[in-house]
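Here are my notes for your first look at this model. Keep the structure open and find each residue as you read.

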Amino acid sequence: MNSIQKTISTPTFKEIVLLTIPQMGLMLCHLLISMTDIWTAGKIDATSITSSTQVITQNIEAASVQASLGVVSQIFALLMMITSFIASGCMATISQSLGSGLKERANRYAGLIIMLSATSGITVCICAILFQDIIFDLMQIANNLRPTLAIFFLTSCLGLPFYYILIMVNSIFRAYKKVWLPLCTLAIMAIGNLIGNLGFGLGYFGLPEFGAKGIAWTTFACSVFGLVSNFTLAIKYKIIKKSSFAPWKWNKRAMPYLFKVGMPAAFSQIITQLGSLTAIAIISKIPYESTNILAGMNVGMRVHSILLFPLSALNMSIVIFSGHLLGSGNRELLFNFGKKIAFKTGLLVIIPAFFLWFFRDPIINYFTEDPKVKEQALLFLTFSCIMTPFACTTSLLDGIFAGSGATVLPCKINAFTSWVVNIPLSWLLAISLGFGAMGIYSTMLTVRLVTFALILQIFYKRKWLEYGLRKK
């Protein structure tokens, strides 16, 4: 253990940047792929208008194709929920094992994670296809939208097993700090998706034009290509090999820790999402203002995401470094690293948050011209910019906990702040006391401050350091 501890030190600024930048690239590639599909869908209709024969034979309208993509993305996000608990366990188990110098255990966890991903992906795929009509009925999908939607739904379901494993292999690469490899694969996928959509969707480059089917099957092909490429790279770098697929006896003993780390992470997302939906329902009860508030919040969140985007990538890096440090046994080093990175970044982010607040008016003008929506967006951004340092520090401490396997702690905090603080206080201030939008935004700030205080208290108690894997 002493020899391992000597090789593990506090991550330098250069190491953090070199690990964070590729993760930003990964997020951009995922965004580019989804945006390409939506953009191409709109172009299908533009080309269809010039040809009445094409309209009759394909029976595709811009609204139906883009609406289908929107609906499928919501269903796909729900079906992908299962990967959240596997991914959280993946980062913690592999990074801690590597930090301990137990490469064989890290490889075996990689093999176990791939098998779980494949099994769950195939199971969800089959169930989704079998219950397609029920899913469409529950979502109250209009009959005229179902033919186009069925195309995207089928390809998305068939691509689930490949996409599940692809996401997990990406997480495995992250835990090994080899983030540039999946970035290269995803960049090729994004370029291939663009070319395929233009070619098979719109008929560019002399390729046959298939419209919506071309977009759907191109996305499926890219998922298969991405998985094959990443799997090949994982084998080449000996991250995945024959010995990675351990006997059932070992897997049986290893799985409980995956679920111990992953299930609270998944529940935390579900609890937060349900809390957000309930808060939206409360906003809809505000007389006269509800539509403008929701529209303004939507615009404000899009603008504020400019700040949160790099912080999300940094959070992923913190999870990896946290696991490596805890695995090496350097608990004091991990505690000091967490304190330093969380609070320094929280202070530094005040500067861009101030500039965003200062220039919020001209920025919002790019998104809306409605004066009432703009008023709500400006108010939302004012509160969001105040919350940014606290949200940043909280997010990075969450990353420290996740890498240490202590995901149950943020889960409890989120459950408390969402259902005990957010919902009752929103109703009290916005509805009962009649403060409307100001009550909603004040509640948001209060929830963020309470979350910050609770997570800070837990961090300094240091019990989260006891959630890691044992040496044996």
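1. Start with E332 and R462, whose side chains meet in a salt bridge at 2.8 Å, N to O. The term means a side-chain nitrogen of Lys or Arg within 4 Å of a carboxyl oxygen of Asp or Glu. The pair links distant parts of the chain, 130 residues apart. E332 sits in helix 13, and R462 in the segment after helix 18 (437-461). Helices here are DSSP runs (H or I, at least four residues), numbered from the N terminus.

2. **Ground rules.** This is a predicted model: local features need pLDDT of at least 70, side-chain atom pairs count only at pLDDT 80 or more, and totals for chains, interfaces and linings use all residues. Residues are numbered from 1 along each chain as its sequence is written, and side-chain values use heavy atoms, with hydrogens and water left out.

3. **How open is that pair?** E332 is partly exposed, with a relative accessible area of 44%. R462 is partly exposed too, at 31%. The cut-offs are these: buried is under 20% relative accessible area, exposed is over 50%, and partly exposed lies in between (1.4 Å probe, protein chains only).

4. **The other salt bridge.** The count comes to two salt bridges. K374 and D361 form one of them, at 3.1 Å, N to O. K374 lies in helix 16 (residues 371-403) and D361 in helix 15 (residues 360-365), so the pair ties together parts that are 13 residues apart in sequence. K374 counts as buried, at 19% relative accessibility. D361 is partly exposed, at 33%.

5. **A buried charge without a partner.** Which side chain of opposite charge is nearest to R105? It is E104, and that side chain is 11 Å away. R105 is buried yet has no salt bridge. For charge, Lys and Arg count as positive and Asp and Glu as negative; His and the chain ends are not counted. R105 lies in helix 6 (residues 103-130). Its side chain does make a polar contact with the side chain of S97, at 3.0 Å. A polar contact is a pair of N or O atoms within 3.5 Å; within protein, one must be able to donate a hydrogen and the other to accept it, and residues adjacent in sequence count only if both atoms are side-chain atoms.

6. **The second largest pocket.** About 540 Å³ of space lies in this pocket. Of the 21 residues that line the pocket, the closest to its centre are F13, L314, I341, T345 and L348. Helix 2 (13-49), helix 12 (290-327) and helix 13 (331-348) are the elements that give two or more residues to the lining. By class, the lining has 15 nonpolar, four polar and two charged residues. Ala, Val, Leu, Ile, Met, Phe, Trp, Tyr, Cys and Pro count as nonpolar, Asp, Glu, Lys and Arg as charged, and the others, Gly among them, as polar.

7. **What counts as a pocket?** On a 1 Å grid over the protein atoms alone, a pocket is an open set of points where a 1.4 Å probe fits, with protein on both sides within 12 Å along at least five of seven lines. Lining residues have an atom within 4 Å of a point. The volume is the space filled by probe spheres set on the points, and grid points are joined across faces, edges and corners.

8. **Two positive phi values.** Most residues other than glycine have a negative phi. K177 is not a glycine, yet has a positive phi of about 65°. K177 is in the loop between helix 8 (146-175) and helix 9 (180-202). At 39% relative accessibility, K177 is partly exposed. F205 also has a positive phi, near 60°. F205 is in the loop between helix 9 and helix 10 (212-236). F205 is exposed, at 56%.

9. **Pairs separated in sequence.** G201 and T40 are 161 residues apart in sequence and 7.2 Å apart in space, C-alpha to C-alpha. G201 is in helix 9 and is buried, at 0%. L28 and A187 are 159 residues apart in sequence, with 9.1 Å between their C-alpha atoms. L28 lies in helix 2 and is partly exposed, at 45%. Y366 and V299 are 67 residues apart along the chain, with C-alpha atoms separated by 9.9 Å. Y366 is in the loop between helix 15 and helix 16, exposed at 73%.
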